[in-house]
Amino acid sequence: MKAPLPALPDRGGPAQPMLTVNGLRRWFRLDGKRVIRAVDGLDFSVAKGTTLGIVGESGCGKSTAAKLVAGIEPADAGEVVLDGEVFWARGARIGPEARRAVQMVFQDSHSSLNPRMTAAESIAFGPEAHGVKPGAARDYARALLEAVGLPPDRFADRPPMALSGGQRQRVNIARALALRPRVLLLDEPVSALDKSVEAQVLNLLVRLRAQLDLTYVFISHDLSVVRYVADEVAVMYLGQVVEQAPASVIFARPSHPYTRALFASKPSVDPRRRIAAPPIQGDPPDPVDPPSGCRFRTRCGFAEALCATGTPPLGTVAPAHRVACWMTVPRSGHSQAGVAA
Amino acid sequence: MSATVAMPAKAPGTGYWRGVGRRFARQPLAMAAAMVLLVVVLSAIGADWIAPADPFQTSVSRRLAAIGTPGRWLGGDELGRDMLSRLIHGGRVSLAMAIVPVAVALVIGGFLGVLAGYAGGAVNMAIMRVMDVFYAYPSILLAVAIAGALGPGMVNGMVALTLVFVAPIARVAESVTTQVRANDYVVAARLSGAPTSMILRRHVLNNVAGPVLVFAASQVSVSIIAASGLSFLGLGVSPPQADWGLMLSALRQALYVNPWVAALPGAAIFLCSMAVNIVSDGIRRAMELRR
């Protein structure tokens, strides 16, 4: 496949993180004084050529975080650094050429394709916006359809209505790839698909990442999916990261009580290991009025007085393993400090 | 993945509109209304050739002649002029006065609405609150007030009607644009770094145009009545021009002498307004994208 757009340059070499997010914040003002803290001080980074899985309950700010990182939704504070260069900081506009570097694949494959455009037209739009001639953009779109497993002779001229959910998601992936991005933000890309189709799309994503040297941020609430695709996992709770570690580490030794509860709530395929009671009780607290100190304390079995007064820092407990919990901080004053971790 | 969908679906470009035409043709009532409109529009365009008599030729002996009188097949008006010819010629004026304001309002209101819907925030606020001021008055009352302020005359009447229809069309355009803009395909287009004008042209206008056009078409039925109302009140077309509203006004004294003839212009207004309504409803139904 010959791409009509030039590849974006690799600046810092393999050791430099592809994407670093610092102190990202987005509060939605409801009326007057009430504020929803959708994303409230988000920090994470992703190494080149890897996949970061972001997991968390519904409403914890995962999707907002993706839009903030992509620069499509204005952030109140924070910055995103892309391969050593500021992708955006508050108030700055992203130029069209820089924009190409970060693309998104959305969950709802229906609303993510224009109902009045064919598959090929949807894919060709981006390159055309960057000055590629319509004819060349069309050929490129057909090549991309081939690359995502849709024979262009059959699919190029179809409107989204004539495509299945899995096919539409493949078109979405092709459209995101058309700009030759370096980072793909995948916001629940397979959540709306049947299990069999889900596996096909996941395999496609894994293959494309290696082929095109991409870096993924994979947002999902499905732990099995994240376990399959992610090299590194960040767990979000009420707009903040509470734990980040390599996938093998976090699935073997989850340290934050929320992470443990989340993993325990995943039903086992072995019926003898069925769990009797849900490990987390109740709904997450209202993001309008989050609990003081540690945000998980209202649902945590280990909560103590300290958890209500002080916000636990996202500290390193082992190489590449960061946790925001007082129990992992030695001499923090928590009775379990140094025991659990 | 169900890779084998037998039907090779066509691109929506041409295929979509062909599908709309097919679905429209399947609605008998809408087709009948479309035929009525076609006859009215064609006779209005060809009034000079079709009308059997001179619409301005008075005849003392045939004043308020009954329907069926030779030479005055649909009767004579208060000056003995041929009703049929006047209705045909009047249709030209009445339709022009109804359609032109809506067409102009479509351009102005559509532009304002799409701008407000796509820009959002303060721009939306500024535009839509001004529209709300116009919305606060019933459309006929507003038309009468503006026409009254501008003074009588066909052009002033059209200006008044245009101002009346800008606000509702802008509101529909704004709400449809706001909906379209929230779709992820617009987010994806913005992510591609495409200039706003290109996103509007390729992704927004495409999806906004249909519903807004259908709404504007439905407003023509209101406009026919409002335009006739203005002429009826002496604020639109002035005599001796033939116009349905004006004819209705002049013939209302004859209501007790020859009610059938006096009711004809009213019937023409009713028929056209109704037909426009049914046709626009039929188009709306035919345009629904089924998933």
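In the predicted model, 32 residues of chain B are in contact with 41 residues of chain A. The size of an interface is often given as the accessible area lost when the parts come together. For chain B and chain A, the area buried between the two is about 3,200 Å², and carbon and sulfur atoms account for 59% of that area.

One salt bridge is found across the interface of chain B and chain A. The pair consists of A:E128 and B:R202, with the closest N and O atoms 3.1 Å apart. Polar contacts between chain B and chain A amount to 10 residue pairs, counted with both residues at pLDDT 80 or more.

On the side of chain B that touches chain A, two or more residues each come from α1 (12–25), α8 (184–191) and α9 (196–232) of chain B. Of the elements on this side, α8(B) gives the most, with seven residues. By residue class, the side of chain B that touches chain A comprises 18 nonpolar, eight polar and six charged residues.

An unreviewed UniProt entry places the feature "domain: ABC transmembrane type-1" at residues 91–280 of chain B. In the model, this span of chain B is 84% helix and 0% strand, and the C-alpha atoms at the ends of residues 91–280 lie 19 Å apart.

How values were computed. Residues numbered from 1 in each chain as written. Chains lettered and ligands numbered in written order. Predicted model: local features only at pLDDT ≥ 70, side-chain atom pairs only at ≥ 80, totals over all residues. Heavy atoms only, no water. Contact = heavy atoms within 4.5 Å. Buried area = accessible area lost by both parts, 1.4 Å probe. Salt bridge = Lys/Arg side-chain N within 4 Å of Asp/Glu carboxyl O. Polar contact = N/O pair within 3.5 Å; in protein donor to acceptor, adjacent residues only side chain to side chain. Helix = DSSP H or I, 4+ residues; strand = E, 2+ residues; numbered from the N terminus. Nonpolar A, V, L, I, M, F, W, Y, C, P; charged D, E, K, R; others polar. UniProt positions renumbered as here; feature names shortened; annotations may be inferred.
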